[in-house]
Amino acid sequence: MKVKAGSVKIKLVNAVFMLIGVLLLSSCGKVSNDSVLTKGIIYCSEGSPSTFNPQLDTSFITIDATSKQLYNRLMDFDPTNFDKIPALARSWHMTKNGKLITFYLRKDVSFHQTDYFTPTRNMNADDVIFSFNRIIDESNPFYQSVAGKFPFFQSIKFSELVEDIEKINEYTIRFRLTQPQSSFLTNLAAPFGVILSKEYADTLLAQGRDLTELDSKPIGTGPFKYREYRSGSLIRYVKHENYWRFDVQIEQLLFNISPGNTSRLTKLLTHECDVIAYPIAMQEIASRKDLVLEEVTSFNVAFLAFNTQVPPFDNPLVRKAVAHAIDKKAIISAVYYDQAEVADSLLPKASWAYSKNTNTIEHSQEKAKLLLADAGLADGFTLDIWAGSIQRAYNPNALKMAKLIKADLARIGIEVNIITFEWSTFLKKLAKGEHQSVLIGWSADHPDPDNFFSPPLSCASLATGSNRAMWCNEEFDQLLKQSLATNDTTIRKKLYKQAQQILAEEIPLLPIAYAKRAQAKVAEIEGNILTPFGGISFENVNKKALQ
Amino acid sequence: MLNFTIRRLNLLFFTLLMLSIVSFSLSYFFPGDALVNLSGEINADQQRTEQLVELYNMDKSVFHQYTAYIGQIFSGNFGISMSSQVPISDELHTFLPATIELCLAALFIALIFGVPLGFIAAIFHNKPLDKIILTFAMVGYSIPVFWFALILILLFSITLSWFPSSGQLNLLFEIEQVTGFKFIDILLSDSEYQAQALKDAFMHIVLPAIAVATAPMTIFIRLARTSMLDVLESNYIKAAKAKGLSQAHIIYHHGIRNSLVGIVRLIGLHFANLVTVAMIAEVIFNWQGAGSWLIESIFARDYTAIQGGLIALASFTFFINILADFLYAALNPLERHKKHGA
């Protein structure tokens, strides 16, 4: 008996060693053919979305994570000429006076089937009407469930603009506007105009479930459907089998939330991420054969926004002094590694409304000092600059930029404290206007120039908390409104020129740079992910089989 | 033994009391409203605020508030996280097991390498091998974990591609979270990729566990060495030698057993150290544990999470210490009769 017990012991020990041996040996082979691994893509994103419904948030993290993955819009943008092309709407028609817009919908669009909702019918006019009615109808329970907070739609005054939405038949709807608006169609094609399922909303109501589930447990028509979300860690999407546009190639789409840019780079180098947002060390990535660097000119601008409601920046002279003191060229080379252009207007050069002769503010310490003396602050003062801790499309390193500005301002006697928070806290505090000045920026949601003025600087946006300068100017707002009221491009261009002149005089914010948006991926990934507008899209993406 | 138990429980009670007082007072020391800091409910409406005031006795004296706070802690309510609005207890349940898993793996590595190396050094006392092992221990002890972790990633992940650099499991494996311990969850799941997932989880834990294990391992080397030297110099070993027992026999039958007793207790003492090191390693290896969660909470100014995390991690470490003391007392009868606790 004793001998037998001993041999059992030896066998056990052997088994353990074999297990370790197998594990070690198998670790050497890099290539694995596990289908669960080859049929899925891991995207390393820079932050957590604040919601799963882009109607409720304008931040690019939320847009990237949700808009083109989970949902569709009535129209999309052509990636080359930025024209509107059909999506959920087969076609549309606008009357001559610009007040009636009719959409003819597709009939073959199915909603996601998940463990929390099973659709019984395809998308129809009711869903489209519901999606927009929840924004304009204050008695709608889904308006109340989010306390009416639709920042993008509030900033374009959507509820004042739309008189009603009429159902013509099962697959035709008509918007009736109170006045014509040139950017209306473009706004609907922006990433916020997503179509939700009315049937899902009705189910939530009927079953007495928490109404915010409409936005936190999303149901859409997009190429992927929601499976799991762990705050600050991951989002798991799976393929929507009945996607109307085509058969999606990948089974799983993972968002690995990695705020640190060095950790994203490491994960790309070790192939733990297939695609990463906002890469650093671009030369290194471009030089490697197993990795691909992609860039797209995106409509964005980085700026320093002054809180115009509190001293010292309630005084335009101080804003102008700071504007003169900052050396933008040095910032372009040190922060962007020359992957950007010096910005002299809020509007990027690629926009048709950009006007060249806005009076630029040159870099001059003498002028800055004189202006400070005029403002009665010749002895200098202390100033807080807030800078975000994560990379943005318009600003790869806000902290570094803040340090450069700190050095620039020290030369004219202003002492700068740089303040930073974790990103979502940062945005919350900004919305409350707790800052003196902040380094932030704007990425366009769609090509209409209005998108650069109304959401970040209008009086309406001051109320919604997306106006970082806390600035409201009647004349400026009037110009924006006039421009929206007409479809004549020459008139609009003239009005936007005047608007830009007001900005150049008032300087509620100082434009710094227009950046390109970059992304890096492993060579096995095929398909376009970056788009010029409205966030990334994974619907066309495939992973090549490994040899 | 009764005396010993009472003394330990006394210590446990007063430490936890102090800890809870510190944690409670933090809600007043942190900026903002004490009630919001305690509950974490930043978006509470009028009605909910009234409920919370009643729950935490905020309208009564500080002493009443403290007792209400303790009551809530004992009923498992740590408030909700200010940034994610998820109950802290849920977050702890998610993240603490990951930390424990990492600490256990590291402790295992530290013990199976550290203790034998220490014994070998003692056996070859003052010989070259002893010097080499001691040098190794000194170097290992002096290397900061954040640097060592980065070197491990650079070498084994980026250059050699042997091990992944971050996380606990390839995210494409969909494993339902039950216990929070990745290995147990994988074994519990009925995933068709169970074996692959298990292997993947193993590959993920290797580097962080080595990084965390290094510092404690060097401590164990030196402890084991000292402990073995003490034993080898004691009279009963001399007596055994005089009886003509072989050196190998003496070490195997008397040396190892007796010197292990001294080490058990020190494992408990060094567990606190291990948790601290693990917190740093978690951030570097993107390990979704309580350490990286706590550090993220500090960045997010999530005061409720900081409070809850502090009290949970501190009590956890302290319980381990007490547990090790009991284990030691059970193994070593001499300890039970000591007049003064260590």
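Predicted model: local features only at pLDDT ≥ 70, side-chain atom pairs only at ≥ 80, totals over all residues.
Start with how chain A is divided up. Where domain 1 of chain A meets domain 2 of chain A, 12 residues of domain 1 are in contact with 18 residues of domain 2. Put together, these two domains bury about 1,200 Å², and carbon and sulfur atoms account for 57% of that. On the domain 1 side, the residues that lose the most area to domain 2 are Lys225(A), Trp244(A) and Phe533(A), which together make up 46% of what that side buries. The polar side of this boundary comes to 7 residue pairs in polar contact, both partners at pLDDT 80 or more, along with 1 salt bridge. Elsewhere in the listing of charged pairs, or rather by name, Asp76(A) and Arg245(A) form a salt bridge through their side chains, at 2.9 Å from N to O.

In soluble globular proteins, nonpolar side chains tend to be buried together. Here the largest nonpolar core has 179 residues, and the members touching the most others are Leu74(A), Phe103(A), Phe132(A), Phe158(A), Phe175(A), Leu409(A) and Phe538(A). Strand β18 (residues 509-522) of chain A supplies the largest share of this core, with 8 residues. There is also a second, separate core of 73 residues, with Ile70(B), Ala105(B), Phe148(B) and Ala278(B) among its members. Back in chain A, Phe175(A) makes a handy close-up: beyond its neighbours within four places in sequence, its contacts include Leu74(A), Phe103(A), Phe132(A) and Phe158(A). Lys99(A) and Asp164(A) are also among the contacts of Phe175(A).

That leaves the meeting of the two chains. Chain A brings 31 residues to the contact and chain B brings 30. Between them the chains bury about 2,700 Å², with 58% of it on carbon and sulfur atoms. Polar contacts between chain A and chain B number 6 residue pairs, again with both residues at pLDDT 80 or more, and the interface holds 2 salt bridges. Arg236(A) and Glu174(B) pair up in a salt bridge, with 4.0 Å from N to O. On the chain A side, the elements giving two or more residues include α1 (2-28), β9 (234-239), α11 (261-269) and α17 (423-431). The largest share of that side, 4 residues, comes from α11(A).

Key. Residues numbered from 1 in each chain as written. Chains lettered and ligands numbered in written order. Heavy atoms only, no water. Core = buried A, V, L, I, M, F, W, Y, C linked by side-chain atoms within 4.5 Å. Buried < 20%, exposed > 50% of the residue type's maximum accessible area, 1.4 Å probe, protein only. Contact = heavy atoms within 4.5 Å. Buried area = accessible area lost by both parts, 1.4 Å probe. Polar contact = N/O pair within 3.5 Å; in protein donor to acceptor, adjacent residues only side chain to side chain.
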